[in-house]
Amino acid sequence: MNKLRNILLVIVIALFVNSCAKPEDPDPVQLVMGEWRVENVIANGQVNLPEIFEVDSRLHLDYNETFLFVNVDGRATAGTWSATESNLVLDATDGSVQDFNIVYLNWEKMHVYRTFTIDMGNEIELRYLFRRD
């Protein structure tokens, strides 16, 4: 009887540990979901321009496909998000849409960039390196 109880205990523990493991082949949504901290911002090749985008801002990508981006000075943007293997789209409630190309993504790091045009056709490329918080 003790032997059977021990076997059942081992099976239950194995199932519990397995349920907490990261999927071997996660889809992009599983990988990007969670809380990320901006580690570096590169604007047109210049690293960490504090007057434009501050390092240590937070990006929360929730399970219900909503996001919250909180800048280090406390300003926040909210909306919905979607992801594929190569894109992360943040659709803010103010009507703005940010479409990022995913360069690299794993459980710990995410490198994304987007290019947009401002005054008189000047093109800006922003690259973000995120670390999972």
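**Exercise 1. Find what share of the chain's residues is buried.**

Solution. Start with the cut-off: buried means under 20% relative accessible area, with a 1.4 Å probe and protein chains only. The chain has 133 residues. Buried residues make up 22% of them. Next, take the surface by the Shrake-Rupley method, again with a 1.4 Å probe. The accessible surface comes to about 8800 Å². Carbon and sulfur atoms hold 55% of that surface.

The model is predicted: local features need pLDDT of at least 70, side-chain atom pairs count only at pLDDT 80 or more, and totals for chains, interfaces and linings use all residues. Numbering runs from 1 along each chain as its sequence is written, and side-chain values use heavy atoms, without hydrogens and water.

**Exercise 2. List the elements of the chain in order.**

Solution. Helices are DSSP runs of H or I with at least four residues; strands are E runs of at least two, both numbered from the N terminus. The chain has two helices and nine strands. The order from the N terminus is α-α-β-β-β-β-β-β-β-β-β.

**Exercise 3. Work out how strand 9 pairs with strand 8 and with strand 1.**

Solution. Two strands pair if DSSP finds at least two bridges between them. Take strand 8 (residues 109–118): ten bridges join this strand to strand 9, antiparallel. Met-110 has Phe-130 of strand 9 as its bridge partner. Three residues separate the two strands, which form a hairpin. In the turn, Met-120 has a positive phi of about 55 degrees.

Now take strand 1 (residues 34–43). Strand 1 runs antiparallel to strand 9 (residues 122–132), with seven bridges. Ala-43 has Leu-126 of strand 9 as its bridge partner.

Definitions and conventions:
Buried means under 20% relative accessible area, exposed over 50%, partly exposed in between (1.4 Å probe, protein chains only).
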